[in-house]
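Thanks for asking me to look this one over.

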Amino acid sequence: TVCISALSPIIVAIFSNDNYLQAATVMPFIMAGFMMGGFYKIPILLLNYHKRVWFYPFLAIFAFGTNALLNWLLIPIYGMLGSAFASFVGLFLYSTVLQIFSFKYFSKMYSITMIFMYIILFIIIITIILYIVTKDKKLVLKLTGEITILSSMLTIIISIVLSYMIK
């Protein structure tokens, strides 16, 4: 996913014409969103095995609603970049909630690793968005540093809470 996202300008140039070159700016968000879709495949199997499926329709409506609301808000301002980000957020929420519901069936180490991975992925996507939108490298580095510090503190707090919650 990372390689395809990094090579997206080349891939778009090879497989299309100049009319689609801007699609390379949204590929990282779309790729990350579908990568999130892959992350929830294992937890969903475990939840299905334990017959914990009652919340799937509500979660799907929530994720779709968030995606639709963000599309409505972001497309007029950012165009296809706003739509790609909205799709990423919808898939991110769906995958994250499924992971959280499955934590009681996994080890503490898996749960903490998944939280860390989700936070790192979110930081990377936010950094890409900040850079594309602002084009100010100093501002992006400053904000990314602050987001990383807050996310690290959040990871530590969630890890401590999970270590007490999961037996």
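1. A word on the ground rules. This is a predicted model, in which local features need pLDDT of at least 70 and side-chain atom pairs count only at pLDDT 80 or more, while totals for chains, interfaces and linings use all residues. Residues are numbered from 1 along each chain as its sequence is written, and side-chain values use heavy atoms, with hydrogens and water left out.

2. Burial comes next. Of the 167 residues of the chain, 36% count as buried. Buried means under 20% relative accessible area, exposed over 50%, and partly exposed in between, with a 1.4 Å probe and protein chains only.

3. The largest nonpolar core has 22 residues. Those with the most contacts inside this core are Phe 29, Met 36, Phe 85, Phe 88, Leu 121 and Ile 125. Two or more residues each come from helix H3 (23-39), helix H5 (56-78), helix H6 (80-102) and helix H7 (108-134). H7 gives the largest share, eight residues. A second, separate core of nine residues includes Ile 44, Tyr 56, Tyr 94 and Leu 98. A nonpolar core is a set of buried Ala, Val, Leu, Ile, Met, Phe, Trp, Tyr and Cys residues joined through side-chain atoms within 4.5 Å.

4. Which residues of helix H4 are buried? In H4 (residues 41-49) they are Pro 43, Ile 44 and Leu 47. Seen down the axis of H4, these buried residues fall within an arc of 100°, so they line one face of the helix. The arc is that of the directions from the helix axis to the C-beta atoms. On the face turned away from the buried side, H4 carries the exposed residues Ile 42, Leu 45 and Tyr 49.

5. Tyr 40, in the loop between H3 and H4, is buried with a relative accessible area of 15%. The C-alpha atoms of Tyr 40 and Thr 96, 56 residues apart along the chain, are separated by 7.9 Å. Lys 51 is in the loop between H4 and H5 and is exposed, with a relative accessible area of 68%. Lys 51 has a positive phi of about 55° although it is not a glycine.

6. Now for the packing of H5 on H6. Their axes come within 7 Å and cross at roughly 160°, which makes H5 roughly antiparallel to H6. The crossing of H5 and H6 is right-handed. The residues of this contact divide into 18 nonpolar, seven polar and no charged. Axes are lines fitted to C-alpha atoms, for helices over the stretch in contact, and angles run from 0 to 180 degrees between N-to-C directions. Ala, Val, Leu, Ile, Met, Phe, Trp, Tyr, Cys and Pro count as nonpolar, Asp, Glu, Lys and Arg as charged, and the others, Gly among them, as polar.

7. H6 also packs against H3 and H4. H3 and H6 pack at an angle of about 15°, with their axes 8 Å apart, and are therefore roughly parallel. The axes of H4 and H6 come within 9 Å and cross at roughly 50°, so these two helices are oblique to each other. Angles under 35 degrees count as roughly parallel, over 145 as roughly antiparallel, 65 to 115 as roughly perpendicular and the rest as oblique. The crossing of H3 and H6 is left-handed, and H4 passes H6 in a left-handed crossing. A crossing is left-handed if the near helix is turned anticlockwise from the far one by less than a right angle, and right-handed if clockwise.

Definitions and conventions. Helices (H or I, at least four residues) and strands (E, at least two) are DSSP runs, numbered from the N terminus.
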